[in-house]
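Please keep the sequence and the model in view while reading.

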Amino acid sequence: MKKTIITVVGKDSVGIIAKVCTYLSENGINILDISQTIVNGYFNMMMIANTELSSKKFVEISEELEELGKEIHCIIRIQREEIFDMMHRI
């Protein structure tokens, strides 16, 4: 399984979750776990997703999510699980 970590951060507005999840669904990316919170008007979401069934390459998904983030005024980042784990090792 190709797990990735997706983060979405920005000023809260209607439809952020819907737009991100629609993109993932349309590209064969399955959400395995999701957590979201709003703190003082700022939206923060973290997802663990499986990109194994997507026909797109990781770089293409990353670029498209970055563009989607610009459209919805958020910062969207995607990282491979193994890189995320290595960055956060103690």
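Ser54 is buried, with a relative accessible area of 11%, where buried stands for under 20% relative accessible area, exposed for over 50% and partly exposed for values in between (1.4 Å probe, protein chains only). This residue sits in the loop between strand 3 and helix 2; helices (H or I, at least four residues) and strands (E, at least two) are DSSP runs, numbered from the N terminus. The model is a predicted one, in which local features need pLDDT of at least 70 and side-chain atom pairs count only at pLDDT 80 or more, while totals for chains, interfaces and linings use all residues. Residues are numbered from 1 along each chain as its sequence is written, and side-chain values use heavy atoms, with hydrogens and water left out.

Leaving aside neighbours within four places in sequence, Ser54 is in contact (heavy atoms within 4.5 Å) with Asn27, Gly28, Ile29 and Ile61. The side chain of Ser54 also reaches the backbone oxygen of Asn27 at 2.9 Å.

Asn27 belongs to the loop between helix 1 and strand 2 (30-39) and is buried, with a relative accessible area of 12%. Its side chain is joined to that of Lys56 by a polar contact of 2.8 Å; such a contact is a pair of N or O atoms within 3.5 Å, of which, within protein, one must be able to donate a hydrogen and the other to accept it, and residues adjacent in sequence count only if both atoms are side-chain atoms. Not counting residues up to four places away in sequence, Asn27 touches Ser54, Ser55, Lys56 and Glu64.

Ser25 lies in helix 1 (residues 16-26) and is exposed, with a relative accessible area of 55%. The C-alpha atoms of Ser25 and Ser54 are separated by 9.4 Å, although these residues are 29 residues apart along the chain.

## Strands 2 and 3

Strand 2 and strand 3 run antiparallel and are joined by nine bridges, two strands being taken as paired if DSSP finds at least two bridges between them. Within this pairing, Ser35 has Met46 in strand 3 as its bridge partner. The hairpin of these strands has two residues between them, and Asn40 there takes a positive phi near 50°.

## The chain as a whole

The protein has three helices and four strands, which follow the order β-α-β-β-α-β-α from the N terminus on. Of its 90 residues, 31% count as buried, and residues 24 or more positions apart account for 65% of the contacts with a separation of 6 or more.

For 90 residues, a compact globule would have a radius of gyration near 12 Å, and the 13 Å of the protein agrees with this; the radius is taken over C-alpha atoms, and the globule rule is 2.2 Å times the number of residues to the power 0.38. The C-alpha trace spans about 35 × 35 × 20 Å along its principal axes.
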